[in-house]
Amino acid sequence: MGCFAGRFGRVEPRRAAGQFVTGLLADLEVKTCWQLAEEAGHARPDAMQRLLYRAVWDADAVRDDLRQLITARFGAPDAVLVVDDTGDLKKGVHTVGVQRQYTGTAGRIENSQVGVFLGYAGVDGHALIDRRVYLPASWTDDRDRCRAAGVPDEVEFATKPELAAEMITAALVAGVPAGWAAADEAYGNSSVFRAGLREHEIGYVLAVSRSHLVPLDGGKARVRADRIAADLPASAWQRRSAGAGSKGPRFYDWAWLDDVCTDADPDDGGRHSLLIRKNTTTGELAFYRCWTPRPATLAQLVRVAGIRWTVEEAFQAAKGQVGLDQHQVRRWDSWHRFTTLALAALAVLTICAADATDDSTDSRLIKLTVNEIRRLINACLIRPITDLAHRLHWSSWRRQHQARARQAHYTRRLNLELQP
């Protein structure tokens, strides 16, 4: 709370915000205003509801403070800005942005609300630093419906890539150190989104669909990405790790077509290329449009491609640990306020996990995870237990057990990789 406490002019909402974030970190099954108020010892949920609905404070200003805190901790010149969206299943038609639309949460078209988020992956950690609620055209074309949900009159329809571009621009203007951007094919397929990144002179590794038409020979020819991959010789592929995952190094075969894929402006001063990833087991292919303002190496592009998955990990932690998807709010301001406080709770966990260091170099224990940090916060601070030594013993036991399982999996994966 210290980084943004000054954003609350009155002590009541400032205290409620602190209790709200604490409640999001608490071991509660559901994290709505009622449950958070009960956890804080309130007799009624009024204070928590007022914090989201009527209290005077600027959620965007708090977002700016969080962004500064996170980038101060994880900032690096070659950090990666990662954009992605996630959906929450909803009932009814009054919640801001809700309609029947595709959401990856369900893997199909459902009545849902979608938010676009910006992640930041730096030196030794990653977190979410910005958010936008996506308003479909069915909302922006109905201004009465928007006003009923508190949507400002100046808010117009914007595609998800446009929302992502707004957040990246805001971050770079605010001085966030970053050298790269990464996103999935919903964003990589947008030529406007790619052009915006080039204007900022930030390198990118953006996934594109297999049917994406790749411009070759200065744009004289356009060929499907999967057709290009089919014509590559076996010597074009190199096996490299895209970084460590929960089950060990993520090895793939990579093919890199350097200095191709020139977009509309061939004089942008950078280098365009196509990166292709092949799953070593299934042979499944993934394609990436790449651009760098200066010459880059294959290792750099592979690293950025692998870092894109940090936003998926952040979504999992935000929903599983701090209740990002458990809000029960309908209005524009309330969504941004709840989401911002959830990002604050997530920042607490990610920074604590990064700061946690062992007194010994005991290889039998894995590093403290976000999940384990939240358990310890509850055991030591939120609901202190009498036998703290017992709880710490179980924390070490879990980490030791996970380290053994990880090492066994690493060994098995390595043996499979070495097989001809």
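The structure is a predicted model. Helix α13, residues 332-355, takes part in a contact with helix α1 and also in a contact with helix α3. A search of the whole structure for disulfides finds 0.

**Helix α1 against helix α13**

- Helix α1 spans residues 11-25, and its axis comes within 9 Å of the axis of α13, the two crossing at roughly 60 degrees.
- Angles of 65 to 115 degrees count as roughly perpendicular and those under 35 as roughly parallel, and α1 and α13 are therefore oblique to each other.
- The crossing of these two helices, α1 and α13, is right-handed.
- On the α1 side the contact is made by Phe 20, Val 21, Leu 24 and Leu 25, which meet Phe 338, Leu 341, Ala 342, Ala 344, Ala 345, Val 348 and Leu 349 of α13.
- Sorted by class, the contact of α1 with α13 has 11 nonpolar residues, with no polar and no charged ones.

**Helix α3 against helix α13**

- Helix α3, residues 46-53, has an axis that comes within 7 Å of that of α13, and the crossing angle is roughly 110 degrees.
- Because angles from 65 to 115 degrees count as roughly perpendicular, α3 and α13 are described as roughly perpendicular to each other.
- From α3, the residues Arg 50, Leu 51, Leu 52 and Tyr 53 meet Asp 333, Ser 334, Arg 337, Phe 338 and Leu 341 in α13.
- The contact of α3 with α13 divides by class into 5 nonpolar, 1 polar and 3 charged residues.

**Cysteines**

- Cys 33 has a relative accessible area of 12% and is buried, while Cys 146, at 0% relative accessibility, also counts as buried.
- Cys 290 is placed in strand β12, which covers residues 285-292, and with a relative accessible area of 2% this cysteine is buried.
- Once its neighbours within four places in sequence are left aside, Cys 290 is in contact with Tyr 204, Val 205, Arg 271, His 272, Ser 273, Leu 275 and Leu 301.

**A positive phi at Glu 201**

- Glu 201 is not a glycine, yet its phi is positive, at about 55 degrees.
- This residue, Glu 201, lies in the loop between α9 (191-199) and β6 (203-208), and at 58% relative accessibility Glu 201 counts as exposed.

Conventions: Residues numbered from 1 in each chain as written. Predicted model: local features only at pLDDT ≥ 70, side-chain atom pairs only at ≥ 80, totals over all residues. Heavy atoms only, no water. Axes fitted to C-alpha atoms, helices over the stretch in contact; angles between N-to-C directions. Helix = DSSP H or I, 4+ residues; strand = E, 2+ residues; numbered from the N terminus. Parallel < 35°, antiparallel > 145°, perpendicular 65-115°, else oblique. Left-handed = near helix turned anticlockwise from the far one by under 90°. Contact = heavy atoms within 4.5 Å. Nonpolar A, V, L, I, M, F, W, Y, C, P; charged D, E, K, R; others polar. Disulfide = S-S within 2.5 Å. Buried < 20%, exposed > 50% of the residue type's maximum accessible area, 1.4 Å probe, protein only.
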